[in-house]
Amino acid sequence: MRRATLLATAAILLPVALAGQQPAPDQSLGDLDITQLARIRVTSVSRRPEPISEAAAAVFVITREDIERSGAASLPEALRLAPGLEVARAGAREWAISARGFNEVTSNKLLVLIDGRAVYSPLFAGVFWDVQDVVLQDIDRIEVILGPGATLWGSNAVNGVINIITRPAAETTGGLALAHVGTEDRVGGTVQYGGALGRAVDARAYARYLYQDPADLTTGDPAPDDWRMGQGGFRLDARLSPRDNVTLQGDVYVARGGERQQLPTPDPPFTALTAYDVRTHGGNLLGHWSRRLSGASELSARAYVDRNVRDQAPYFGRAALTTADVEVQHRFILGGRHDIVWGLGARLNADDISGAYPVSFEPSSRTTHLVTGFLQDDIALGANGWHLTLGTKLEHNSFSGLEVQPNVRLLWQLTPRHTLWSAVSRAVRIPSRVDTDIFENAVTAPGPPPVTAVVEGNDDFAAERLIAYELGYRGHPVRGLALDADLFYNDYSRIRALLPSSVGRVDGRLVLPFAIVNDATAASYGGTLAATWQTTRRMRLRASYTYLHSTIEPDESTPNALPDFVAQLNPRHEAALRSSFSLPAAVDLDLALRYVSALHPPAIPAIPDYLQGDARVAWSVRPGLRVALVGQDLLAPRHAEFRPGPFEAERRAIERRVRLDLEWRF
């Protein structure tokens, strides 16, 4: 804690001490001051470009400059920059990421999009974060919505939406070579080149490779979760006419890494510590067309196909999933006061899962559909700064049928510098294959006779529901200072739980079945306060604090049901402080601290609270060539952030890391 205090002091005072030095005239933290940052246009809240100051939601934007100066080497690390997101590293490649509770390695209430392509898997209703890789220098911005976004983005956008938007090819012309070496992010590199293919066509292509060392166990011994991944892709943007634009982009990847789990076995001793390789590969192809009909009217269409295969033979076998999705959207102004956006969409998911002893699915293959339609109207209520947003989304899915997800949002711009907003929303998390079709041999207790607990899917499992109430403020009370605050109360019903039933006897052993049911309720409340203080054009401080209180319990009618989520895995308090400064001689300095309170999951040891710090020093050696030294999690040799994943008996720790980055643009 003494070193942490020293670093905290340095993070605040060192830039202040350096403020008196005169940087080179062409240096600055960016071309945007605080007021201009408030006018950054976001699209995730209402599916139309609007200044963030006019967005009636808890939305935060992570800019390209933010990512660069943070020293992040992956998407999950970049997401730590968003106030209110819970981002915990569970191993070398495993992450638990959520918003406003329900955090798990298999979190299932957060929708993640990359250029409009959903990477939310219908197999288990979560995200495989280890294969979500993007060239960070190609990201234009990441828009993070805390709270429901289901009216526009659909089911599973329950607690939040992460929308990753990459740059057009015209903004990434020329060559780019990236390389890094480090103590844990052992080695990696990217080669990319972009240019014009004619007067109206721009393109880029890239290839990248990374190798990550395995994490440590909390004992200090190495874990077997190393990770190797290769990926390549392209983007092509064409201007077909002054009004028509087309984008075509795609990626392919292959990855492999180690894993070790305490897996159930059918024979004595009924469990075995099993080491094996995780193998996965996949690819996607996305096309987008838009036509400008008038100054404030646009028609667009987007379609993509995504294929991924994951092989974890001893655990669940081989799982292959193909997704095809198409959507059409139209935006127009009606009567001068109504800004209307509506759309229709359809998605088809086809999967095949071979299964293994611990986890199998019945049927082993299944094709499901999702048909959607949405309508939202942003109504200007007069010249006094009031806006009312009314909208709803209708969805029909193969699991729970028709779902309706409306919202009402009210925004009041008191002055150009102060905005209040409030919202009431309904969102659902539709069932996945894990809810309806799974058969899991969870654990066997030796006898005599042996007793095996099994978990069985439920064809009648219904969508989980949320009613959310939100209130927020966004403003600039004094020059150079921006504040963003939100409060929320979430009321959940029909939450997943396990309901035990009568013990049976199979092959000389007792079998205790647990059915997956909607027999739990949950509630959470809290809020986030974020502040940005731009002391000078070359110095910026950012701070945030998040409070979360959550509970989950069985329905009164089924007191013996066991909720399948753990409220204690959500930290009650999170805080972050970041200081950035542009020094003389083309040097950038960035220091950061983050604090996370303790986790107290039942039946396993608590995860202590921790304070960790990062540092980055970057030097522009000459135009086009940049060197950066990055240190992460510097305040302790290792620390735990989350509990083990499914069947992982060994808790993994996050080690202190140092990395050297090289960037060459040519």
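**Why these labels?**

Student: What does isoleucine 162 touch in this predicted model?

Tutor: Leaving out residues up to four places away in sequence, Ile162 touches Leu79, Leu85, Leu110, Leu111, Val112, Leu113, Trp129, Ile142, Glu143 and Val144. A contact here is a pair of heavy atoms within 4.5 Å.

Student: Which residues touch the most other members of the largest nonpolar core?

Tutor: Leu79, Leu85, Ile142 and Ile162 do, out of 33 residues in that core. Two or more residues come from each of several elements, including α4 (75–79), β4 (85–89) and β9 (160–166). β8 gives the most, with 4 residues. Apart from this core lies another, of 27 residues, with Leu123, Val131, Tyr315 and Leu498 among them. In general, nonpolar side chains in soluble globular proteins tend to be buried together.

Student: Is glutamine 231 buried or exposed, and how do you know?

Tutor: Buried means under 20% relative accessible area. Gln231 has 7%, so it counts as buried. This residue is in strand β14 (residues 227–239).

Student: What makes the pairing of Gln231 with Tyr206 a polar contact?

Tutor: The cut-off for the N or O atoms is 3.5 Å. The two side chains make their contact at 2.8 Å, so the distance is within that limit.

Student: Why is the pairing of aspartate 66 and arginine 542 called a salt bridge?

Tutor: A side-chain nitrogen of Lys or Arg has to be within 4 Å of a carboxyl oxygen of Asp or Glu. Here the N to O distance is 3.0 Å, so the pair qualifies. Asp66 sits in helix α3 (residues 64–70) and Arg542 in strand β31 (residues 539–554), 476 residues apart. At 13% relative accessibility Asp66 counts as buried, whereas Arg542, at 26%, is partly exposed.

Student: How do you know that aspartate 185 and arginine 659 form a salt bridge?

Tutor: Their closest N and O atoms are 3.8 Å apart, and the limit is 4 Å, so the pair counts. Asp185 lies in the loop between β10 (174–182) and β11 (187–196) and Arg659 in strand β39, so parts 474 residues apart in sequence are tied together. Both residues are buried.

How values were computed: Residues are numbered from 1 along each chain as its sequence is written. This is a predicted model: local features need pLDDT of at least 70, side-chain atom pairs count only at pLDDT 80 or more; totals for chains, interfaces and linings use all residues. Side-chain values use heavy atoms; hydrogens and water are left out. A nonpolar core is a set of buried Ala, Val, Leu, Ile, Met, Phe, Trp, Tyr and Cys residues joined through side-chain atoms within 4.5 Å. Buried means under 20% relative accessible area, exposed over 50%, partly exposed in between (1.4 Å probe, protein chains only). A polar contact is a pair of N or O atoms within 3.5 Å; within protein, one must be able to donate a hydrogen and the other to accept it, and residues adjacent in sequence count only if both atoms are side-chain atoms.
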